[in-house]
Amino acid sequence: MIDPIIHSSAAITLIGGGEATTDDLNDVLSLAPICVAADGGVVLALQAGVMPKAVLGDFDSAPAAVLDQIPQSRLHRIDEQDTTDFEKALARIDAPVIVGVGFMGGRIDHQLAALHGLLAFADRPCVLLAGDEVILLAPPKIALPTRAGEVVSLFPLADAMGRSTGLQWPIEGLNFALGEKIGTSNAATGPMSLQMEQLGLALILPRRLMPDVVAALCQPDAARWPARGR
């Protein structure tokens, strides 16, 4: 088990080196003011005038001239190559929820790797900003103020089952599995809720719900998945 480097009782912003703007970062920081950068994400942090509390990664994508602007005590080099910088950061942040910006968009393999990270570190709730949407691993249970007609997509990263309220097509009795059953382009009929029997379902929601998702995951009684063997 890896010991966390960053501990927080509030949400944390994690910046990656993918596609994101300073406006994206500022939106996320308004919800999670403590900032951590994963390797090349430190570039966006400094562009936005934000000094990260920590920079984590193998530093293969963070320019030396940028790292020189960060106090040495905040630089945490992790040389192993078995995980991505996103996973390196997830493993070392202890917080109610991590809000990731700069991990979606751009190269498809990087986006798939980020989704893999959500599943591999299911015990570290994380919400990824992705343009006009947010993506997270559906927790054991969650209730959100969706509006009638809003798209709610469910995509299996692993076999999963659960129950829903407030969806046009309820999910009870469905066995979600790659190559067999997915749940994209579902729609809310009003406020929705999910109760999952297994971890493995990616939940894709409108961006406007990001504050509600973060608030739900930060509740003291919010259910979390146990750590997976790693």
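A residue is called buried when its relative accessible area is under 20%, exposed when that area is over 50%, and partly exposed in between, with a 1.4 Å probe and protein chains only. By this criterion Ser8, at 15% relative accessibility, counts as buried. The structure is a predicted model, in which local features need pLDDT of at least 70 and side-chain atom pairs count only at pLDDT 80 or more, whereas totals for chains, interfaces and linings use all residues. Residues are numbered from 1 along each chain as its sequence is written, and side-chain values use heavy atoms, with hydrogens and water left out.

Ser8 is placed in the loop between β1 and β2, where helices (H or I, at least four residues) and strands (E, at least two) are DSSP runs numbered from the N terminus. A polar atom of the Ser8 side chain lies 2.9 Å from the backbone oxygen of Ala10, a polar contact being a pair of N or O atoms within 3.5 Å, of which, within protein, one must be able to donate a hydrogen and the other to accept it, and for which residues adjacent in sequence count only if both atoms are side-chain atoms. When residues up to four places away in sequence are not counted, Ser8 touches Ile34, Asp94, Ala95 and Pro96, contact meaning heavy atoms within 4.5 Å. The loop between β1 (6-7) and β2 (12-15) also holds Ala11, which is buried with a relative accessible area of 5%. Beyond its neighbours within four places in sequence, Ala11 is in contact with Leu31, Ala32, Pro33, Ile34, Pro96, Val97, Val214 and Cys218.

A further buried serine, Ser164, has 16% relative accessibility and lies in strand β12 (residues 162-167). A polar atom of the Ser164 side chain is 3.1 Å from the backbone nitrogen of Ile171, and the contacts of Ser164, leaving aside neighbours within four places in sequence, are with Pro170, Ile171, Ser193 and Leu194.

Backbone geometry was considered next. Most residues other than glycine have a negative phi. Asp39, in the loop between β3 (34-38) and α2 (41-47), has a positive phi near 50 degrees, and this residue is buried with a relative accessible area of 0%. Phe59, which is not a glycine, likewise has a positive phi, of about 60 degrees; Phe59 is found in the loop between β4 (54-57) and α3 (64-67) and counts as buried at 13% relative accessibility.

Helix α5 (residues 108-120) comprises 13 residues and reaches 18 Å from its first C-alpha to its last, close to the 18 Å expected at 1.5 Å a residue, the expected span being 1.5 Å times one less than the number of residues. Its buried residues are Gln111, Ala114, Leu115, Gly117, Leu118, Leu119 and Ala120, and these pack against α4 (85-91), β8 (126-130) and β9 (133-137).

Grid points are joined across faces, edges and corners, and a volume is the space filled by probe spheres set on the points. The largest pocket has a volume of about 480 Å³ and is lined by 24 residues, of which Gly17, Thr84, Asp85, Phe103 and His110 lie nearest its centre. Helices α4 and α5 each supply at least two residues of this lining, which by class has 5 nonpolar, 12 polar and 7 charged residues, where Ala, Val, Leu, Ile, Met, Phe, Trp, Tyr, Cys and Pro count as nonpolar, Asp, Glu, Lys and Arg as charged, and the others, Gly among them, as polar.

The second largest pocket, of about 160 Å³, is lined by residues including Met104, Phe155, Leu157 and Ile204. Helix α5 gives the most to the lining of this pocket, with 4 residues, and the lining has 9 nonpolar, 1 polar and no charged residues. The structure also holds 1 cavity of 30 Å³ or more, and the largest cavity contains about 120 Å³ of space. Of the 14 residues lining the largest cavity, Ala122, Arg124, Pro125, Cys126 and Leu137 lie nearest its centre, and by class this lining has 12 nonpolar, no polar and 2 charged residues.

How values were computed
1 Å grid on protein atoms, 1.4 Å probe; cavity = no way out; pocket = protein on both sides within 12 Å on 5 of 7 lines; lining within 4 Å.
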